[in-house]
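Please examine the sequence and the structure shown below. The account that follows is intended to be read alongside them.

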Amino acid sequence: MTPRLPRVRASELTGRGWLNTGGVDLTLSGLRGKIVLLDFWTFCCINCLHVLDELRELEAQYRDVLVVIGVHSPKFVHEADPVALAAAVDRYEVHHPVLDDPNLTTWSAYTARAWPTLVVIDPEGYVVAQMAGEGHKNNVALLLRDLVAEHEAKGTLHRGDGPYVPPAPTSTTLRFPAKAITLPDGRLLVADAGHHSLAELEADGETLVRRIGSGRRGLLDGDAATAQFSEPNGLALVPDELRAAVGYDVLVADTVNHALRGVRLSDGAVTTVAGTGEQYMVGAADNVAARDGDESQADRSGLRYDGPALDVRLSSPWDVVWSPAASAFVVAMAGNHTLWAFDPVTGRITHLAGTMNEGLVDGPADEAWFAQTSGLAVDQDGRVWLADSEVSALRSLDLPGTPAAGDATQPVVGTSAGAGLFDFGHRDGPADQALLQHPLGVAVLPDGSIAIADTYNGAVRRHVPGRAADGSPAGPGEVTTLATGLAEPSDIVVLTEGDGVQLLVVESAAHRLTRVPLPATLAGQILDAGAHRTQRPVTDLAPGAVRLDVVFTPAAGQKYDDRYGPSTRLQVSSTPPELLLDGAGDDVPLERVLRLNPDVAEGVLHVTAHAASCDADPAIEYPACHLNAQDWGVPVRITAGAADVLTLPLHG
């Protein structure tokens, strides 16, 4: 049997209301006899979306004994809007009840500290496990197996239908469209994420010409009628001169399939060109397929991968753009906070930038931190502009050989607007003081300024880079607002007609494309709707020595997996850096003594933990292995006499 926590009665579920229950308020007492799995999530969080996919199979397998309840505890202001939450539940095909927890009441009752967090409650109403992060599908499956056997024997398990009530179906041409591009013939191609397909539209943006993909969620190559996608997002045209050589015209970031797909426009044929269809797990030792004689296999984690694109796992590729400077497509790998370069001619893919830590750190590409980069565009000078969504930032990548890179020999990352993981808002003015809220798209305007799909502000913003009189970069530049009142704009297509400019905005939550005419001067208005910080319960810790303990217990029948090196890893840093006098850095043990600065009143501890486990039975020739991983950002307040231990459950 899996080791259990002490028997603790589960707290009641309290929030603003319920979704997917047909208007019925659920209680834990009313769910006695069922195994209940609470999934604490927020709909901006890529790790939370990964967990939704991990749970689908378990929900189907244990549908008569398991009740999954999503507890939506929002990070961003927009996510606390009940209309936006209802749209997200629909968008991501959440087929279980969801508790709306805008004030983090239930979150606090269960001492959750991270998105996502899973809590398992047995049929008698006791908490039996808590897990933070993703990669726990196997752990949960083993626990469910044990709980079913135990409570069936005790007579406390009740089989039958759960409380899920599906919402009424709707029908629209587009369903949560994500990205769009203009085709050579003037038509539009839209990544119709909610329909798991691509929609080709007339230039009017409304008339459907054809659909590429069957509309069924899956990963299947084939013709336009049979091919399958899973929530496709980014689209990019293959350069004219390469199309004959590569055999397709459009590259697609097929996000939930963790793959890149090639589409031939003449007949709609779809081919997988990168990825294995499995998710890259940060820290895992099996992210790269074995291939004899290929030196790229020396690092099977894929952290510095440069090899065949079909041999490496990807992680939620969200956007793609052709970079002439790189002679490759740049790929925004939102799932592990990196950028990659894909060469469609050689079929190779290369890790380009990012450490796989989530945050906002500029500098050389191999030291930079990103946070769910979700939108890409390339300007006339070859600079790659990035909508870095979780840090609500507009950032850039300067590649060697481009004007902005100067004599740099590797790509360099910079930030034009944005303050970090927990700061956001709608504020115009000098770019270094401007605030965005979870932007998902960027586009280059004819004058070289940047249009931003400021998704959670429902706005289109414009960034004008600072310039000196001679045209060289100087100063932070300025951010203004071009349009407001949009429903989660996720991408922008720039249309030029004569001397005029129009923006075709992908209004994802309104299921449509919307034209926004720009003034001749391209000038926007200055708005200030205020600044916001993510509000989560603060942990009081004593100044001086504090023991950090990340709890991980391998699931039943599992042991630590050290075949490819240490099975655990712990990284610690802080904001501000002065908060930590000692204990920052990267090491193996999941326990560490930190020394907190008594002169810093408050801050955030950033903790990343990995733990690998595999089947312990020596009779199993090819043991199944699993990686559990989580990033925590723990707000702390230094208080004399407070606790000197911080416990974070990875799996326990």
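The structure is a predicted model, and the values discussed here are computed from it. Two packed helices are described by the angle between their axes and the distance between the axes. Helix 1, which covers residues 46–61, packs against helix 4, residues 137–154, at an angle of about 25 degrees. The axes of these two helices lie 10 Å apart. Because angles under 35 degrees count as roughly parallel, helix 1 is roughly parallel to helix 4. Their crossing is right-handed. On the side of helix 1 the contact is formed by E54, E57 and L58, and on the side of helix 4 by K137, V140 and A141. By class, the contact between helix 1 and helix 4 comprises three nonpolar and three charged residues, with no polar ones.

At least two lining residues come from each of helix 1, helix 2 (82–91) and strand 8. The largest share, six residues, is supplied by helix 1. The lining of the largest cavity is made up of 14 nonpolar, 12 polar and six charged residues.

The lining of the second largest pocket has 17 nonpolar residues, one polar residue and three charged residues.

Some features of the backbone conclude this account. Most residues other than glycine have a negative phi, and most peptide bonds are trans. W115 and P116 are joined by a cis peptide bond, with omega about -5 degrees; P116 is in the loop between helix 3 (105–109) and strand 6 (117–121). A cis peptide bond also joins T575 and P576, where omega is about -5 degrees, and P576 belongs to the loop between strand 39 (568–575) and strand 40 (580–582). N20, a residue other than glycine, has a positive phi near 65 degrees. The loop between strand 2 (17–19) and strand 3 (35–41) contains N20.

Conventions
Residues numbered from 1 in each chain as written. Predicted model: local features only at pLDDT ≥ 70, side-chain atom pairs only at ≥ 80, totals over all residues. Heavy atoms only, no water. Axes fitted to C-alpha atoms, helices over the stretch in contact; angles between N-to-C directions. Helix = DSSP H or I, 4+ residues; strand = E, 2+ residues; numbered from the N terminus. Parallel < 35°, antiparallel > 145°, perpendicular 65-115°, else oblique. Left-handed = near helix turned anticlockwise from the far one by under 90°. Contact = heavy atoms within 4.5 Å. Nonpolar A, V, L, I, M, F, W, Y, C, P; charged D, E, K, R; others polar.
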